[in-house]
Amino acid sequence: YIRDNNKHINFMDINQASRSAVTYDGEVKALPLDTDYIAMGYRDDVFRNPVIRDMYQATWGEELKVPATIEDLVTVSERLNGNYDFNNDGEMDWGFCLTP
């Protein structure tokens, strides 16, 4: 089990979501080893662009919305990937790019 030991680890310095993930029934059961936050950025101009929105609606029968879940991100990315020239350089662009 894990004991409070402020000399080495101050458990309250760990973000709340990570603390919750390793706590069961009020007791800490593990140490969170990878607590990176994941953030998603998107181009608002792409999601507001009326031409892209209309083409997306016509092709997929759904309104183009900013993804709310990982599953939504995959779906929207696959649909946008290679189908639009977002930056007007004459080449079709990726629907999603992940950087390390």
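Predicted model: local features only at pLDDT ≥ 70, side-chain atom pairs only at ≥ 80, totals over all residues.
## Ground rules

Local features here need pLDDT of at least 70, side-chain atom pairs count only at pLDDT 80 or more, and totals for chains, interfaces and linings use all residues. Residues are numbered from 1 along each chain as its sequence is written, and side-chain values use heavy atoms, leaving out hydrogens and water.

## Ser 77 in helix α4

Let's start with Ser 77, which sits in helix α4, residues 70-80 (helices are DSSP runs of H or I with at least four residues, strands are E runs of at least two, and both are numbered from the N terminus). Ser 77 has a relative accessible area of 11%, so it is buried (buried is under 20%, exposed over 50%, partly exposed in between, with a 1.4 Å probe and protein chains only).

A polar atom of the Ser 77 side chain lies 2.7 Å from the backbone oxygen of Leu 73. Leaving out residues up to four places away in sequence, Ser 77 touches Gly 95 and Phe 96 (contact means heavy atoms within 4.5 Å).

## The loop between β2 and α2

Met 40 and Arg 43 can both be found in the loop between β2 and α2. Met 40 is partly exposed because its relative accessibility is 37%, and Arg 43 is partly exposed at 38%.

Beyond its neighbours within four places in sequence, Arg 43 is in contact with Phe 86 and Asn 87.

How values were computed
Polar contact = N/O pair within 3.5 Å; in protein donor to acceptor, adjacent residues only side chain to side chain.
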